[in-house]
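Subject: Structure for your review

Hello,

Here is the structure I said I would hand over.

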Amino acid sequence: MSLKSERRGIHVDQSELLCKKGCGYYGNPAWQGFCSKCWREEYHKARQRQIQEDWELAERLQREEEEAFASSQSSQGAQPLTFSKFEEKKTNEKTRKVTTVKKFFSASSRAGSKKEIQEAKAPSPSANRQTSIETDRVTKEFIDFLKTFHKTGQEVYKQTKMFLEAMPYKRDLSIEEQSECTQDFYQNVAERMQTRGKVPPEKVEKIMDQIEKHIMTRLYKFVFCPETTDDEKKDLAIQKRIRALHWVTPQMLCVPVNEEIPEVSDMVVKAITDIIEMDSKRVPRDKLACITRCSKHIFNAIKITKNEPASADDFLPTLIYIVLKGNPPRLQSNIQYITRFCNPSRLMTGEDGYYFTNLCCAVAFIEKLDAQSLNLSQEDFDRYMSGQTSPRKQESESWPPEACLGVKQMYKNLDLLSQLNERQERIMNEAKKLEKDLIDWTDGIAKEVQDIVEKYPLEIKPPNQPLAAIDSENVENDKLPPPLQPQVYAG
C-alpha cells in the first residue's frame, strides 16, 4: 500500500488553510473558510442585506394589511376610520415591524428565555462582593504595564474601563454580537494608538495582548460557553465521538511517531498535557499558547523518530492522534471562545494562527472520520465503532529483540482480554440460547398436557357410602352361637 493511499483521508493541502478569499491570511472553519478580516466584511454585508430585506418585507406586509382592512371596511359599509384611529393603527404596525426586525437579531430567538437572561444579568450579591485573586492580579499588572506609556497608557485604560462598564448591558445580546463588540473594540484601540499615539506596531501588539488579558479575564465567566449557545452540546458530541474512536491506532493514521523511544514517549505525554491544559486558561492568548506548545512537542517527537525535520503532512495526522488520545475537555467551547474573543491579528498570521487552524482541521476530520479515511472496510469500521471487536494487536513474534518488555506484556494482556471478551460473548450467546430452549420446552410440555386433558377429560365420581357393620343387617343375631371363650388348661 502506498503512502499516498494511506494518507488520502488526512492529507490537507497548505493552501486549504488560507483564507478562501485569497488575502493570504489563515482561514478558519468557524468563519466558513475566511480569515477574521474577510469574515467580518462578509458578515456585515450579509447583515445589512438581511436588515434591508426585513424592512422591505415588514413594509410590504403593512401595506397589504392596510389595504385589506380598508377594503373590508368599505365592503361592510362601515364608517371610515378617524385620523386618530388610523395613526394608532399605523403606530402599532410600525412597532410590530421594528420588533420583528429586532427579534431576528436578538438573543430572544435562541435557547435562553427572557427570564433566564434577566437572571444571568443579575448576579448574586455574594458574587459581586467576591473578586477572584486572579482578576485582581491581572488588573494590577495591567495598570502597572500602562504606566510606562504615560499619556497613551491613560487613554488605553480609559477606553478599556468604558468598554468593561458597557459590556454588562450587552449580555442580553447574542454571543456573536458580543464578539463583534469586542472585535470592534480591539480594532478601534489599535487604530487609535497607531494614528493618534504614533505607537510602533511592535508596542501596539504588546499593548493589545495586555488589553485582551485584562478584559477577557473579567468577562470569561459570562462569555465562555454561554447558555444561549449550543457549545455545550457540541462539546458532548465531540467527546462522545472521540471515545467511540478509542480503537484507532497510530498505524491507521500513518503517524510517524515511535512511542517506544523514551524521548518520543515523553514528548507525546507533554503534548497531551498541553492540549488538556488549554481548558484551564481564561485568556484566549494563553489557550493559543497551549496549542502552540502542544504542536512544538509534536514536531520534536516526529523529528526524533524520523531523524529529520517534520513536514506538514506528518504534523496533521499526529495532531489528530494526540487529540484522540487526550480527548481534551470542552474542546469545541475552547475553539469557539478563541475564535470569538481572541485578538484577530493573532489568528490571521504567525505560528499561533497556523497551529490553531490545524487544530480546527483536526477536529473537523475527527467529526467526519469514516472507513475510507482509515483504509478499512465499512464492515470492520462499524464493528470497531460499535465495540463488538477491536483491531488485532501486533503479534509478540514480530517484536524486535530490543522492544520494551512492559510494552510486550501490555499487548499480550490486551490480546488475552480480547480473547476473554470473545469467549464471554460466546458464553452469553449460548446461555441465552439455552434459556430460550428451556422456555420453548416448558411451553411445549404444557401444551401437550393441555391437549391430552382436553382429549381425555377426567371424570370424578362421587365417593361411596361408608360401610356398615358386618352384622348390622342380620336380624337373627340371637340365633348365632356365642363366641368362643378361651379356656385355661390346668395341666
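The notes below cover the core, the aromatic contacts, the salt bridges and one surface patch.

Please keep in mind that this is a predicted model.

Core. The largest nonpolar core has 52 residues, and Leu 253, Ile 291 and Ile 322 have the most contacts inside it. Several helices give two or more residues to this core, among them helix 10 (231–244), helix 13 (284–306) and helix 14 (312–326). Helix 17 gives the most, with 10 residues.

Aromatic contacts. The structure holds 15 aromatic pairs. One of them is Phe 185 with Tyr 186: the ring centres are 6.4 Å apart and the planes stand at 45°, so this pair is tilted. Phe 185 and Tyr 186 are both buried. Tyr 220 and Phe 224 have ring centres 5.0 Å apart and planes at 20°, so that pair counts as stacked. Tyr 220 is buried, as is Phe 224. Separately, Arg 171 lies over the face of Phe 222, at 3.5 Å from the ring centre.

Salt bridges. A search of the whole structure gives 25 salt bridges. Arg 282 and Glu 134 form one of them, at 3.7 Å from N to O. Arg 282 is in the loop between helix 12 and helix 13, while Glu 134 is in helix 6 (residues 133–147), so the pair ties together parts 148 residues apart in sequence. Arg 282 is partly exposed at 25% relative accessibility, and Glu 134 is partly exposed at 32%.

Arg 330 pairs with Asp 279, with the closest N and O atoms 2.9 Å apart. This bridge also links distant parts of the chain: Arg 330 sits in the loop between helix 14 and helix 15, Asp 279 in the loop between helix 12 and helix 13, 51 residues apart. Arg 330 is partly exposed, at 36% relative accessible area, whereas Asp 279 is buried, at 15%.

Asp 380 and Arg 383 also form a salt bridge, their closest N and O atoms being 2.9 Å apart. Both residues lie in helix 18, 3 residues apart, or about one turn of the helix. A further network, joined by salt bridges that share partners, consists of Glu 205, Asp 209, Arg 285, Arg 346 and Asp 352.

Surface. Met 410, Leu 414, Leu 416, Leu 417 and Leu 420 make a nonpolar surface patch of about 450 Å². Leu 416 lies in helix 19 (residues 405–455) and counts as partly exposed, at 46% relative accessibility.

Regards

Terms used: Residues numbered from 1 in each chain as written. Predicted model: local features only at pLDDT ≥ 70, side-chain atom pairs only at ≥ 80, totals over all residues. Heavy atoms only, no water. Patch = residues over 30% accessible without salt bridge, like charges linked within 9 Å, V, L, I, M, F, W, Y side chains within 5 Å. Areas by Shrake-Rupley, 256 points an atom, 1.4 Å probe, with all protein chains shown as cover. Salt bridge = Lys/Arg side-chain N within 4 Å of Asp/Glu carboxyl O. Helix = DSSP H or I, 4+ residues; strand = E, 2+ residues; numbered from the N terminus. Buried < 20%, exposed > 50% of the residue type's maximum accessible area, 1.4 Å probe, protein only. Phe/Tyr/Trp six-rings, centres within 6.5 Å; stacked < 30°, edge-to-face > 60°. Lys NZ or Arg CZ within 6 Å of the ring centre and 35° of its normal. Core = buried A, V, L, I, M, F, W, Y, C linked by side-chain atoms within 4.5 Å.
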